[in-house]
Amino acid sequence: MIDPVEARELLADRLREAEQRLAGTSAERAAVVDASRDSNADDEHDPEGATIAYERGMLDVLAGRLRQTLADLAVAERRLAAGEYQVCERCGGTIADDRLRALPTVRTCRACAGRTR
Ligand SMILES: [Zn+2]
């Protein structure tokens, strides 16, 4: 079994990483938006405008993924506090230590994850 102290560290590491990357992504998006305002770009007819729209879209996708990671981390912390961190939410079995170390926010055991829905 994973010690709650180790579990908390695993989650804290992921949280720090996700928050830093999200801050970086937000700064980059703001820079792209500023640059597009200066160039007075037209998304439809100016190739540069299309590039800016594409970059902005990619950054939005990335930010969305990072926000999902933060939400997953919040759920994992609740599960940890409730003493259910290693309990599979589908079958109630135990999630293997190595699986949680590799994927600290995972909520199902390997067998359930492999099962088709
Ligand atoms: Zn399971």
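Start by selecting I2 and showing what surrounds it. Beyond its neighbours within four places in sequence, I2 is in contact with A7, L10, Q86, D97, L100 and R101. Keep in mind as you click around that this is a predicted model. I2 sits in the segment before helix 1. Is I2 buried or exposed? Its relative accessibility is 9%, and buried means under 20%, so I2 counts as buried. For a sense of scale, draw a C-alpha to C-alpha distance from I2 to E17: the two are 15 residues apart in sequence and 21 Å apart in space.

Next, select Y85. Setting aside residues up to four places away in sequence, Y85 touches A7, L11, A76, R79, L80, I95, L100 and P104.

Now widen the view to the largest nonpolar core, which has 14 residues. Which of them touch the most other members? Colour L11, Y85, I95 and L100 to see them. Then show the elements that give two or more residues to this core: helix 1 (4–39) and helix 2 (47–81).

Last stop: go to helix 3, residues 97–102, and pick R99. R99 is buried, yet it has no salt bridge. How far away is the nearest side chain of opposite charge? That side chain is D98, at 7.6 Å.

Notes:
Residues numbered from 1 in each chain as written. Predicted model: local features only at pLDDT ≥ 70, side-chain atom pairs only at ≥ 80, totals over all residues. Heavy atoms only, no water. Core = buried A, V, L, I, M, F, W, Y, C linked by side-chain atoms within 4.5 Å. Buried < 20%, exposed > 50% of the residue type's maximum accessible area, 1.4 Å probe, protein only. Helix = DSSP H or I, 4+ residues; strand = E, 2+ residues; numbered from the N terminus. Contact = heavy atoms within 4.5 Å. Lys, Arg positive; Asp, Glu negative; His and termini not counted. Salt bridge = Lys/Arg side-chain N within 4 Å of Asp/Glu carboxyl O.
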